[in-house]
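Hi there,

Here is the structure I promised to pass on. Have a look at it first, and then read my notes below.

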Amino acid sequence: MRLLLTILSLFYCLTGQAADALLLKSPHKQLQATVFLEKGNVLYRVNAGQATLIEPSLLGIQLDNRSVGTGVSSLTIARQYTIKEKQASRLNSQEAINHCTVYLIALQGENLSDTIEFRLYDNGCAFRYKPAGDHHRQVQEELTAFRLPANSTVWYFERNSEWKLKSYAGLWQHTTVEKLPTVSSQGPIQGKPLVVELPTKKYIVLTEAALYDYSGMRLKAIGNNTLQVNCTEGKAGFAVNGKLCTPWRVISYANNLQELVNNKIIENLNPAPDDTLFAQTDYIKPGKSVWSWITRNEHYMEPAEERKFIDAAAALQFEYTLLDEGWETKWPDKWKQLQELCAYAAQKKVRVWVWKHSKDIRDTLQRNHFLDSVRLAGAAGIKTDFMNSEAKDLIDFEIGLLTAAARRQLMVNFHGCQSPAGESKTFPNEMTREGIRGMELNIMKEPIPAWHNAALPFTRLLCGHGDYTPGFFSNKANTTFTHQLALLYLFNSPFQCIAENPVTLLNDPVYKVVLPLLRTLPVTWDETIVLPGSKIGALAAFARRAGKDWYIAVINGTGQTTGFTVKPSFLKKQYKATVVTDAGGDTGFVTTVLKMDNGHDQHFDLQPNGGLVIQIKSE
């Protein structure tokens, strides 16, 4: 459901004057990028006023045994225009405003004229390469670099195994930019995004957008406070076919955590959905799901057991149930039994998702046959797993699956994959993806610490939805019951798959007081406010609006009792608030009811690694 694109200004500079340096400005001149030549090489720098965001850094790409960005004799702005548009969004709010100034810069070499496209936003800068020619074959290496200001703090994810860059399931922690080349036991290559706190206490995020027909971007620390784009294939490069246009290299900018969380540049840089492929979108329905895999017992995936989960989903007013690994191998007549289970679920107003190992559907014919069978059985979506790479062939697989699924009106959940780059803007049937260290690690003897949760809203989740599977009350590691409850409100996922066994939720009296919250839990939001007191890795506090109702969710990422004051300046009138806090000794929940308005602050003491949830309903 796109809103009309309004071009505020459009003019061409087809015979622009060549120069050794070009100054690019955002619509309100809050951000500037300078693109310039140095000994025939193209470099750039980015500033916000007098503050440096990116020091002079190299631009360029090597393909087909030549270099774009080297041996350049002049730079010219070949075209410049401004875009301002409103679009629907599922990330933190209903709407995204895409407002930027676009510059197409011609790089004149000895025989060819390549193009670099820049987009300058008031809250970020992005660029991509458009090499000359129509038939490109091989990308050998990308030379793009990001030189950060000295003494910057960098948040990155770490996992002491080869799975770090296969699954993106690392713990979020921080170091100084000077230590990035040596801080990781896995070497100097980091996954996206990198979140940088500058010496000025402002923030930038290094990531990519519109990852199509290309290998995923990682970032290699090469010294001198510099990161270079790195791809899985290394020096061997990867094959391309046709005219190359790279993904966007993104530097988003924020003065504070509120601006950081609400930055929409990544999705704005992705193309709109194809009108034909998504002529009908009523099958794309955000919702909550139950899930039997993580709390599985000896009856796991028996049809009778899965019916219990469907019954519980209906009782909790959840929209979905997810059949994970095992349904194909444990059921003697899998398609007939899946059809019967989908029909049973439909009677309860619940729909079914099914799991599939990606290796079994990488062949196009096998993929299409499987998706046809899933569709005929009456399922709503597919969860696919274990891509374990962001090499170009796996990126092609992901986009191919999204396309094929859309043709069959199926939704998709990716696991064992990289973090998102805004694909769900172009393919709204992508409802969530992993690429995050989530709750399944708690059953793998790698429990999730509270501080990791307190970092995620300001790091990985900046890129988009994450299938963290929150709400694992019965296996919550060092967190508390209310900490787990708060995650359901803090972490974005239009397909919100809840870890806890739903039968336990319904039958254990400890959860009785929060069942009304679980039944009405939103999974998309109209507005998000980062509350004062939030600090990456220490405390995450959001106020979020869904319709007329507000929700406040806070998690304490420290092992100390922490005071937190709610200043509800966002409220327009008096509301009735249901407050959920941790019971003493972490034995469950405590609920109280009070009045809230914008004239009275409320103070709470959060338990160590604890949480706070407040439902604020209009009277």
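What follows is a short tour of the salt bridges.

Please keep in mind that this is a predicted model. Searching the whole structure turned up 31 salt bridges.

Let's begin with K130 and E117, whose side chains form a salt bridge with an N to O distance of 2.9 Å. This pair links distant parts of the chain, 13 residues apart: K130 belongs to strand β11 (residues 124-130) and E117 to strand β10 (residues 113-121). K130 has 26% relative accessibility, so K130 counts as partly exposed. E117, by contrast, has 1% and therefore counts as buried.

The next pair is K334 with E328, where the closest N and O atoms are 2.9 Å apart. K334 is partly exposed, with a relative accessible area of 25%, while E328 is buried at 18%, because the cut-off for buried is under 20%.

Then there is D372, which forms a salt bridge with R408; here the closest N and O atoms are 2.6 Å apart. D372 sits in helix α7 (residues 364-377) and R408 in the loop between α8 (392-407) and β27 (411-414), so this pair also links distant parts of the chain, 36 residues apart. At 35% relative accessibility D372 is partly exposed, whereas R408, at 17%, is buried.

Best wishes

Methods: Residues numbered from 1 in each chain as written. Predicted model: local features only at pLDDT ≥ 70, side-chain atom pairs only at ≥ 80, totals over all residues. Heavy atoms only, no water. Salt bridge = Lys/Arg side-chain N within 4 Å of Asp/Glu carboxyl O. Helix = DSSP H or I, 4+ residues; strand = E, 2+ residues; numbered from the N terminus. Buried < 20%, exposed > 50% of the residue type's maximum accessible area, 1.4 Å probe, protein only.
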